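Here is a short report on one protein model. Keep the sequence and the 3D view side by side as you read.

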Amino acid sequence: MKKILLIVLLLFLVAGCAKEKEEPYGKGIEGLSMRFLDGMPADSLWAGSEFAIGVVLENKGFSDIEEGYVSPRGFSENYIFGISPVVMPVLHGRSVVNPDGGRETVVFNGVIGNLDDIVSDYIEQPIIITGCYIYRTLAAPNVCLSANLYNTEEDACRVEEVVMEDQGAPVVVNKVDEEMSLKDGLVEFYFTLHFKHEGDGSVIKQQLVNPECSAIGSDVEIPSYQQLNRIYIEYITLNGRNDYERLDPIKGLTGVEYEKVVLLNRDGEGLATIKFIFSKDEINIPFKTPLNIRLKYGYREHITKNVLIKKRIGVV
């Protein structure tokens, strides 16, 4: 009997560990998740009445949301008014102590006009709630620092590409290509970082995170096509150092180089190539160490609900 109980207990422990591995808090490709509260707004509303829009905000990613806005739009302000954008509440990312992430509710209170100029008995209006916010991606691919042109079986690692899993954010580092060369007693490491937009929203320039949550803004230096799919390398460190060189910086309209900026193409993919230089004495024996990467970008997404607004006269 004791053996049977021990086996059952072990099965529960194994199942619990398996579940923990299947749902790690730092994985996934979501940032902010939004949904309407049930009945807020209702499917149909009366002209001349007050109403409320309730939106549930959830941070499904790993990074905290500390700067953002929630902006209602899509409807005619001749018929729906009194609703303005609000600052997004702080939403902490998923973690060991908070595996579900931060969650808050935002309520907009509005007024519907009398529809005196409408010839029909009703109109349909879209309620679009747009969320724009600053988000970050944290990635730490384990790369090899080796000064050996020819690897042996005793080496801890070899210089090669590293394929990454998702990182609990809509933009991920999905692969790192590594190359090495020797020159005058120095070891040069070249890393090509592969970025991919995996989320359902839009990557935007950070300055567009404002109450209007616009997709495109006016900028003399940055053309409109470079304002979308634009991410920023906040920092990169390798073995305690951050003195890397960007080999493929982005250029603006006036020729200014942006060493920290990466542009994603229409498929949501982008590249950045960097170089670190070490002395050969620093790398006597090959070893693995994380290449710490932190990205920062604006992100924009929305939800939509159509409502029917009915006149009080002539409607059954």
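C132 is buried, with a relative accessible area of 0%. The model shown here is predicted. C213 is buried too, with a relative accessible area of 0%.

**The two disulfides**

C132 and C213 are bonded to each other: they form a disulfide, with their sulfur atoms 2.1 Å apart. The torsion about this S-S bond is about -75 degrees, so the disulfide of C132 and C213 is left-handed. This pair links distant parts of the chain. C132 lies in strand β8, which covers residues 122-139. C213 lies in the loop between β13 and β14. The two cysteines are 81 residues apart.

How many disulfides does the structure hold? It holds two. The other one joins C144 and C157, whose sulfur atoms are 2.1 Å apart. The link of C144 and C157 is right-handed, with 75 degrees about the S-S bond. Are C144 and C157 buried or exposed? Both are buried.

Now number the bonded cysteines in sequence order. The pairing is then 1-4, 2-3.

| Disulfide | S-S distance | Relative accessible area or burial |
|---|---|---|
| C132 and C213 | 2.1 Å | C132: 0%; C213: 0% |
| C144 and C157 | 2.1 Å | both buried |

**Aromatic rings**

Next, look at the rings. A search of the whole structure finds eight aromatic pairs. One of them is F191 with F276. The ring centres of F191 and F276 are 6.5 Å apart. Why does this pair count as edge-to-face? The planes of F191 and F276 stand at 75 degrees, so the pair is edge-to-face; the cut-off for that class is over 60 degrees.

F191 belongs to strand β12 (residues 186-197) and F276 to strand β19 (residues 269-279), so their pair ties together parts that are 85 residues apart in sequence. Both F191 and F276 are buried.

F276 also pairs with Y244. The centres of Y244 and F276 are 5.9 Å apart, with 45 degrees between the planes, and the pair is tilted. This pair, too, links distant parts of the chain. Y244 is in the loop between β14 (230-238) and β15 (245-246), while F276 is in strand β19. They are 32 residues apart. Y244 is buried, and so is F276.

Which residues do ring pairs link into a cluster? They are F189, F191, Y244, F276 and F278.

**Charges over rings**

R241 lies over the face of F278, at 4.1 Å from the ring centre.

**Backbone details**

Which two residues does a cis peptide bond join? They are M40 and P41, and omega is about 5 degrees. P41 is in the loop between β1 (32-36) and β2 (44-46).

Now turn to phi. D184 has a phi near 50 degrees, a positive value in a residue other than glycine. D184 is found in the loop between β11 (171-183) and β12. D184 is exposed, with a relative accessible area of 73%.

N229 has a positive phi as well, at about 55 degrees, although it is not a glycine. The place of N229 is the loop between β13 (202-204) and β14. Is N229 buried or partly exposed? N229 counts as partly exposed, at 21% relative accessibility. The cut-off for buried is under 20%.

**A patch on the surface**

Finally, look at the outside. L149, Y150 and L182 form a nonpolar patch on the surface. Together they have about 360 Å² of accessible area. L149 lies in the loop between β9 (142-145) and β10 (162-163). L149 is exposed, with a relative accessible area of 54%.

Technical notes:
Residues are numbered from 1 along each chain as its sequence is written. This is a predicted model: local features need pLDDT of at least 70, side-chain atom pairs count only at pLDDT 80 or more; totals for chains, interfaces and linings use all residues. Side-chain values use heavy atoms; hydrogens and water are left out. Rings of Phe, Tyr and Trp (its six-membered ring) pair if their centres lie within 6.5 Å; planes under 30 degrees apart count as stacked, over 60 as edge-to-face and the rest as tilted. Helices (H or I, at least four residues) and strands (E, at least two) are DSSP runs, numbered from the N terminus. Buried means under 20% relative accessible area, exposed over 50%, partly exposed in between (1.4 Å probe, protein chains only). A charge sits over a ring if NZ of Lys or CZ of Arg is within 6 Å of the ring centre and within 35 degrees of the ring normal. Patches are made of residues with over 30% relative accessible area and no salt bridge: like charges are joined within 9 Å, nonpolar side chains (Val, Leu, Ile, Met, Phe, Trp, Tyr) within 5 Å. Accessible areas come from the Shrake-Rupley method with a 1.4 Å probe; for residues, only the protein chains shown count as cover. A salt bridge is a side-chain nitrogen of Lys or Arg within 4 Å of a carboxyl oxygen of Asp or Glu. A disulfide is a pair of cysteine sulfur atoms within 2.5 Å.
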